[in-house]
Number of protein chains: 2
Amino acid sequence: MKSKPPQERAVRTRRALLRAAAECFDECGYYGAGTNKILARAGMTQGAMYFHFKSKEELAHAVMLEQAADLELPAEPRGLQQLVNVTLMLAVEMQNNVLLRAGVRLAVDPAGPARHDDSIYSWWAALFHKELVVARAAGELRDDVDEKSFSQTLVGAYTGTQLMSEITTGRSDLTLRITNLWRFLLPGIATPEMLAALDLNGVPVMETG
Amino acid sequence: MKSKPPQERAVRTRRALLRAAAECFDECGYYGAGTNKILARAGMTQGAMYFHFKSKEELAHAVMLEQAADLELPAEPRGLQQLVNVTLMLAVEMQNNVLLRAGVRLAVDPAGPARHDDSIYSWWAALFHKELVVARAAGELRDDVDEKSFSQTLVGAYTGTQLMSEITTGRSDLTLRITNLWRFLLPGIATPEMLAALDLNGVPVMETG
């Protein structure tokens, strides 16, 4: 049996580090998750870590930015129904995907890398915006809706909703809360026809890598 | 000149401690604001602090729960316009009220007292709910709106919106973001007549104690 080529080994080491870090950040927050704790969890030496990440901050930054790297979002349908589906799938996925959960936690942690970096919020806003552009072209949106403004609003509203759900029920009511959020938001953005056609109950099962 | 009676002195000491703690939490987050830093800021001894608060956690808890203690919300108009006004006033007040700012920051800090305590979220939800009950009685709400569910949704959406505004612009665009949030939420809750009558631009000046 041949040994793994060095590059593949490096990729695996990096992934194992990200996962161990995600588990620690998820449990203890940015400040509480020390480098030693992360290394012990990964079963690695400092040398292995510093080959990939110069500091705990760089590691946290990678967890935050790669929170959605393994998500496989469905390709269809595009537009407003897809936007609703993605947010409902995230609510379910958050229960069992530690990288997503840690990334989202770091994004709201005032001690973490998001304190001066909004790139993950912009990334989600851009993803939402793409579906709104499709929705606009398909005539699904009310005339007075600004797509940029709504994608920003949705990221903010989603972020706070998941935070409240985490604090009050450990996220077990997140799907319900996101569904409620959409009930109140949709009349302000969808045409009456689209509003009647949208399905808020179909939470498709998501495949993760 | 008579010296202050002991009880009044104690009240002043407590307020000074809360304010010093709020300044430290606002700047450094829960974990970064050590007890020594807070005492140095307040110019007090450990003994003075332990008379009022057994620990940094208790102090943080008090800041979080008393974040809105000094706010003087306007008495009129009641109902949906009041709900809108209160959220817009909070957006302005957050710029210059350090106790409010620190309380809000602690409420989203995963290292802080809100990790297992949702009482401040419930407090805001109850305050919003009161105006929704008035709005319902005055015929301002759509038939399909559940007041409890919307008050929860609003707290979550507001929380995430202010967090994004803090990260991206240090809260300088918070009023704009809250106004946008309302533009998208109001068609889902207000009757068409009320929707046409609501004023989203009037941010009354708030008097603080």
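Mentor: Let's take the ground rules, then one chain, then the contacts between the chains.

Mentor: This is a predicted model, where local features need pLDDT of at least 70 and side-chain atom pairs count only at pLDDT 80 or more, while totals for chains, interfaces and linings use all residues. Residues are numbered from 1 along each chain as its sequence is written, chains are lettered from A and ligands numbered from 1 in the order in which they are written, and side-chain values use heavy atoms, with hydrogens and water left out.

Trainee: How many helices and strands are in chain A?

Mentor: Chain A has 10 helices and zero strands. Helices here are DSSP runs of H or I with at least four residues, strands are E runs of at least two, and both are numbered from the N terminus. The C-alpha atoms of chain A fill a box of roughly 60 × 40 × 30 Å along the principal axes.

Trainee: At what angle do α5(A) and α6(A) pack?

Mentor: Helix α5 (residues 80-96) and helix α6 (residues 98-108) of chain A pack at about 105°, and their axes are 6 Å apart. Axes are lines fitted to C-alpha atoms, for helices over the stretch in contact, and angles run from 0 to 180 degrees between N-to-C directions. The two helices, α5(A) and α6(A), are therefore roughly perpendicular, a label for angles of 65 to 115 degrees (under 35 is roughly parallel, over 145 roughly antiparallel, the rest oblique).

Trainee: Which residues in α5(A) and α6(A) meet?

Mentor: From α5(A), Leu90(A), Glu93(A), Met94(A), Gln95(A) and Asn96(A) meet Val98(A), Leu100(A), Arg101(A) and Val104(A) of α6(A), where contact means heavy atoms within 4.5 Å.

Trainee: New topic. What does Glu147(A) form a salt bridge with?

Mentor: Its partner is Arg136(A), and the closest N and O atoms are 3.2 Å apart. Glu147(A) sits in helix α8 (residues 147-169) and Arg136(A) in helix α7 (residues 119-137) of chain A, 11 residues apart. A salt bridge needs a side-chain nitrogen of Lys or Arg within 4 Å of a carboxyl oxygen of Asp or Glu. Over all chains, the structure holds 24 salt bridges.

Trainee: And what is the count of salt bridges between chain B and chain A?

Mentor: That count is zero.

Trainee: OK, how much area is buried between chain B and chain A?

Mentor: About 3,100 Å², with 65% of that from carbon and sulfur atoms. Buried area is the accessible area (1.4 Å probe) that two parts lose on being put together, summed over both. Met164(B), Ile167(B) and Phe184(B) supply 24% of the area that chain B buries against chain A, more than any other three residues.

Trainee: How many residues of each chain are in contact?

Mentor: 40 residues of chain B touch 40 residues of chain A.

Trainee: Where do α9(A) and α9(B) come in?

Mentor: The axes of α9(A) (residues 174-189) and α9(B) come within 6 Å and cross at roughly 100°. That makes α9(A) and α9(B) roughly perpendicular to each other. Among the residues making this contact are Phe184(A) and Leu185(A) of α9(A), and Phe184(B) and Leu185(B) of α9(B).
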